[in-house]
Amino acid sequence: MDAPPAGPGSPPAGPPAPAADRSAPAAGPSASDVGPPAPDGGPARSTGAEGVGLPRRVHAGYALGSLATGAFGTVPGLLLLPYLTDTLGVAAGLAALLVLLPKAWDVLVNPVAGRISDRTRSRWGPRRPWLLGAGLALAALFAAIFAAPFGVGPAAGAYVAVAFLATATAFAFFQVPYVAMPAELTDDAAERTRLMGWRVAVLALAILISGAVAPVVVTAGGEGVAGHRWMGVFVAALIALGALGAFLGTRSAATGTVTATEPTLRAQLAVVAADRPFRALLLCFVVQSAGVATILAGVSYFAAQILRDPTTGPTVLFACFVGPALLVMPLWTRLGARLGKKTALVVASLLLAAGAAALVAAPVLPAAVVYAVVALLGVGYAGQQVFALALLPDCVATSTARTGRRQAGVFTGLWTAGETFGLALGPGIYGLVLALSGYVSSATGTAAPQSDTARLGVLLGFTVVPALLIAPATLLLRPHPYHPPPPTHPVDHGVVVGTKAAKTHGKATTSP
């Protein structure tokens, strides 16, 4: 579908692209207006260049997709490992592998998903068809993870691994196009930060709902296998709501038609790999995601073994962790505008790490103090997420301005692959700590009595280990300034791979 024309009064957007491809977005009209309908009856074009704000409905609609990403990123990390060890009777070390390997698969499939979405042509744009199709598939497959058709034991563990692998694949084809969209919705760096603020606020809400309510659903459903089946259905409904909300809410957004400019996936990956600021940001985020996921994986164990409250402890911990994040998001946005995104990311990360390290004293602290420290973690987590996610589209926009090539799908494919790997690595690390400390599994639906050494492993895995992952990772960002490029209107003249024009492609100019 060709990009629709700019609205009345818009500045020129450069010379028109050939009929074969018009992937560059046209400039929009004034603040928060929406351009005229596309000539082919497609969606109206939202503005968002040179400081022009996106409509609130686009902010809200895009952010709803975080219901899906937040639920899938939270619940498996929170409940899947204890589901395997304390309900299906799988040994802790094996359970850690079963959680890690399916998500590690996304390291391979996410860049492929990015390349495919880059080349998708439809009347809905290149990204939105995947929000709908992969999002609904993700919901159905998530419920299947906890269906337990083989009861308990080794066969049940193998089934979970296969179902989780299929779900992780569907998630890749939802998440990669979803994360690629901000760099195409607006050229303005400040507007992208506002968009990320909306997204992280909904992400925090999704974590609160899925992380706090899912254990309650397990308990209300009768614990054990039956309770986890009901929980799977509940989270699947939440994922479906997020996917449909993002699909419908962004129908007026300026997604355009995006095509890859390199003939092979290997060539695209080489372009992204040569971007040193992006590489540093990605590695930092992967390591920090592993630290955050280690905390999530330990919530149920920490509540049961350290706080001695296996019933309400996980829910209260999640409420304390996520609730403050919803309140401090505007403060983080203001702090980022004053300090810069990179500095604000470092500050938030150090706050998150300090809170985790302080919890090592939890066995001798009153429960109220423990929950207060967890709230401090939540404040740091909110900032760490919003500024890392806001720096990503800045990196994409900088690459586009420098090379004249739009490859947001490849950038975000690698990003989401790394994030997914980090989120999978966290439970793997925590499971390894449990195995080394002698944690005893159970097939009864409740945790078995544990030794003092095992309880120490539960504590260290929840506190010291994530702190050591999150804080040092910020050093990777020091060599790079991460200044966003000025708003531009790239003109990317489409070419056909294999033609003479393709050999000289990549020297496109941008209009001021």
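How do the residues of the lining of the largest cavity divide into nonpolar, polar and charged? The legends below take up this and other close-up views. This is a predicted model, in which local features need pLDDT of at least 70 and side-chain atom pairs count only at pLDDT 80 or more, while totals for chains, interfaces and linings use all residues. Residues are numbered from 1 along each chain as its sequence is written, and side-chain values use heavy atoms, with hydrogens and water left out.

View 1. A search of the whole structure finds eight cavities of 30 Å³ or more, a cavity being a set of points, on a 1 Å grid over the protein atoms alone, where a 1.4 Å probe fits but cannot get out. The largest has a volume of about 200 Å³, the volume being the space filled by probe spheres set on the points, with grid points joined across faces, edges and corners. Of the 17 residues that line this cavity, Leu 203, Tyr 381, Gln 385, Glu 419 and Leu 423 are the closest to its centre, where a lining residue has an atom within 4 Å of a point. The lining divides into eight nonpolar, seven polar and two charged residues (Ala, Val, Leu, Ile, Met, Phe, Trp, Tyr, Cys and Pro count as nonpolar, Asp, Glu, Lys and Arg as charged, and the others, Gly among them, as polar). At least two lining residues are supplied by each of α1 (56–86), α5 (154–180), α7 (189–220), α10 (276–305), α13 (367–403) and α14 (408–437), helices being DSSP runs (H or I, at least four residues) numbered from the N terminus. The largest share, four residues, comes from α1.

**View 2. A nonpolar surface patch.** Val 360, Leu 456, Leu 460, Val 464 and Leu 468 make a nonpolar surface patch of about 390 Å², such patches being made of residues with over 30% relative accessible area and no salt bridge, with nonpolar side chains (Val, Leu, Ile, Met, Phe, Trp, Tyr) joined within 5 Å. Accessible areas come from the Shrake-Rupley method with a 1.4 Å probe, and for residues only the protein chains shown count as cover. The elements that give two or more residues to this patch are α15 (452–462) and α16 (464–470). Leu 468, in helix α16, counts as exposed at 59% relative accessibility (exposed means over 50% relative accessible area, buried under 20%, and partly exposed in between, with a 1.4 Å probe and protein chains only).

View 3. The side chains of Lys 341 and Asp 394 meet in a salt bridge at 2.6 Å, N to O, the term standing for a side-chain nitrogen of Lys or Arg within 4 Å of a carboxyl oxygen of Asp or Glu. Lys 341 lies in helix α12 (residues 341–358) and Asp 394 in helix α13, so the pair ties together parts that are 53 residues apart in sequence. By this rule the count comes to one salt bridge. Lys 341 is buried, with a relative accessible area of 15%, and Asp 394 is also buried, with 4%.

**View 4. Two loop residues with positive phi.** Ala 148, in the loop between α4 (128–145) and α5, has a phi near 50°, a positive value in a residue other than glycine, and is buried with a relative accessible area of 5%. Glu 223, in the loop between α7 and α8 (224–249), has a positive phi near 60° and counts as partly exposed at 35% relative accessibility.

Terms used. On a 1 Å grid over the protein atoms alone, a cavity is a set of points where a 1.4 Å probe fits but cannot get out, and a pocket is an open set with protein on both sides within 12 Å along at least five of seven lines; lining residues have an atom within 4 Å of a point. Patches are made of residues with over 30% relative accessible area and no salt bridge: like charges are joined within 9 Å, nonpolar side chains (Val, Leu, Ile, Met, Phe, Trp, Tyr) within 5 Å.
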